[in-house]
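Please work through the following exercises with the sequence and the coordinates at hand. Each task is followed by a solution in steps.

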Amino acid sequence: MNEIMNVLEEVLQGAGDILYEGYRTRLDTWTNKGRVDLVTEWDMKSEHYIRQTLGRRCPGHAILGEEGGGSLDSSGYLWVVDPLDGTTNYVHKLSYFSVSVACLRDGVTVAGGVYAPVSGELFLAERGQGARCNGEPVRVSSVSALHEALFVTGFPYEREGRIPMLQRMVGNALSHVQGIRRMGSAALDLCHVASGIFDIYIEFEIKPWDMAAGVLVLQEAGGTVTRCDGGPLTLDGRQIVASNGVLHAAALDNILKGVV
Ligand code: IPD
Ligand code: CA
Ligand code: CA
């Protein structure tokens, strides 16, 4: 496992450096994967670097990356990669973006890390060993009342047919929580629930590479993750409720009331 953690940290730092270079450079080239779903040359550069490094350091391991593809159904070691989480922010020069990498063994996430190169936050977690940010242990909040909770969410690129349901979720949240944020990087949102900045995070149409690493960071920090019906989370389930644990039942009962 030590070697896996070393490789994980190396690829996060290296990819983060690439993203930071792009962030500082004027960026005026991107292409649309969907009407509002963007990809830049820096998403591609970051993933290319990560694939090359993993290929050299961990030959034989499988890779699933947002831009380069792959399959979640791999036995043995599988690395799940979001080379740039928060591309819309990145294109608009908003500093909240990250690179997210998880390592699965026979379908179980054994290591995960998220690096935000502008803030310098490097979150790392190893299954059973806790979660850290820049070497310091992180822990979820102890907020126990919804009216004291800061709720973070995200909205899907594919919005057709989903607006009423999203409105219901936001409406419910407005009636119950202290505040709502939509930051724009799911991986970092999960890490910020892990470190106690946010108390609850809910998102629909979320992909395996958005959540794989952040989920382990959150679990290792004492948090809870489930599907929106309270059932066990799966990385291909396209939905997530994450919380500090104390607020989980209240989030399911109140924020998701009439939504799912
Ligand atoms: C997106 C971000 C965003 C979330 C979207 C994701 P991308 O990832 O994580 O916060 O709301 O669902 O797709 O496209 O920037 O890698
Ligand atoms: Ca993403
Ligand atoms: Ca991405």
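This is a predicted model: local features need pLDDT of at least 70, side-chain atom pairs count only at pLDDT 80 or more; totals for chains, interfaces and linings use all residues.

Residues are numbered from 1 along each chain as its sequence is written, chains are lettered from A and ligands numbered from 1 in the order in which they are written, and side-chain values use heavy atoms, with hydrogens and water left out.

**Exercise 1.** Determine which residues coordinate the calcium ion (ligand 2).

Step 1. Donors are N, O and S atoms within 2.8 Å of the metal (3.2 Å for Na, K and Ca); water is not among the atoms, so sites may look incomplete.
Step 2. Asp 82, Asp 85 and Asp 210 each coordinate the ion through OD, at 2.1 to 2.2 Å.
Step 3. Along the chain, the donors of this calcium ion (ligand 2) have the spacing D-x2-D-x124-D. Asp 82 lies in strand 4 (residues 77-85) and Asp 210 in helix 6 (residues 208-220), 128 residues apart, so the pair links distant parts of the chain. Helices (H or I, at least four residues) and strands (E, at least two) are DSSP runs, numbered from the N terminus.
Step 4. Asp 82 also coordinates the calcium ion (ligand 3), which is 3.7 Å from the calcium ion (ligand 2).
Step 5. Both Asp 82 and Asp 210 are buried, that is, under 20% relative accessible area (1.4 Å probe, protein chains only).

**Exercise 2.** Locate the largest pocket relative to domain 1 and domain 2.

Step 1. On a 1 Å grid over the protein atoms alone, a pocket is an open set of points where a 1.4 Å probe fits, with protein on both sides within 12 Å along at least five of seven lines; lining residues have an atom within 4 Å of a point.
Step 2. Of the 30 lining residues, the closest to the centre are Phe 155, Tyr 157, Arg 182, Gly 184 and Glu 203.
Step 3. Domain 1 (2-137) and domain 2 (146-255), with bounds from an automatic or database domain assignment, both contribute to the lining, so the pocket lies between them.

Terms used:
Buried means under 20% relative accessible area, exposed over 50%, partly exposed in between (1.4 Å probe, protein chains only).
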